[in-house]
Amino acid sequence: MPNPTHRTSTATAALMLAGALCLNACGSGGTHAPAAKKGASTGTTSAAPSASALAGNRPKVVLPAEVKHVYEEVGTGDPVTAAVLEDNARNLEAIDAAITGDRASAERALKFYNQDKALVAVAAYIDSYYDEGRSFVGTTRYYHRHVTLKGATAALSYCADATQTFPKDRRTGKVDRSVAGSAADYTAFTEQLRKNDQGVWQSVEITSGPGAKTCM
């Protein structure tokens, strides 16, 4: 079982037990969450992707000031691929907003972007943080993002590097910045997404595993 002090710790186990994977990083044993190690990706990174390409009435998701996501840009030029990546990014942010901010405010977005097995896995992941009285602060980086399209479905794989995130005690608000990043802070994710009638790319199944070999 992952080190319980790591930001991804028990959460990852909970998601895997749920038959899916934890979004927004769940490293398996350190104190951070999945993102990528410094220099692990040669692609250009940016702040959260623009929502300009998103259609429909997407829920507004706001991360706390001390929590950030960085995404590797994917310059495919394909609007469908871009829509998949943007909906996925909004979903990752909704999950972390539920953990680190106001869970009630993120509830609509979680149900908006997740269905079926993915919704069960996400709920278990978030619950694990509250059950253990944990949260986190810092930056998670997402990279090596690849989309394979097949009609109204898509397969998405990506890596997460959480070496720059730190555990936070939910009761006291104390952040432990002494925890050093490790191989356990890298997680490899795969997701199955389905486009609904409103044009939203919803995650229906998520799986994850240690990313030390494929993400570092």
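In which strand does His144 lie? His144 is in strand E3 (residues 134-150); helices (H or I, at least four residues) and strands (E, at least two) are DSSP runs, numbered from the N terminus.

The model is predicted: local features need pLDDT of at least 70, side-chain atom pairs count only at pLDDT 80 or more, and totals for chains, interfaces and linings use all residues. Residues are numbered from 1 along each chain as its sequence is written, and side-chain values use heavy atoms, with hydrogens and water left out.

**Positive phi**

Most residues other than glycine have a negative phi.

| Residue | Phi | Relative accessible area |
|---|---|---|
| His144 | about 50° | 27% |
| Asp116 | near 55° | 45% |

Asp116 belongs to helix H4 (residues 116-131). Asp116 counts as partly exposed, as does His144; the term covers values between buried (under 20% relative accessible area) and exposed (over 50%), with a 1.4 Å probe and protein chains only.

**Helices H2 and H4**

The axes of H2 (residues 79-100) and H4 come within 9 Å and cross at roughly 25°, where axes are lines fitted to C-alpha atoms over the stretch in contact and angles run from 0 to 180 degrees between N-to-C directions. H2 is therefore roughly parallel to H4, a term for angles under 35 degrees.

In H2, Ile95, Ala98 and Ile99 contact Val122, Tyr125, Ile126, Tyr129 and Tyr130 of H4, contact meaning heavy atoms within 4.5 Å.

Definitions and conventions. Angles under 35 degrees count as roughly parallel, over 145 as roughly antiparallel, 65 to 115 as roughly perpendicular and the rest as oblique.
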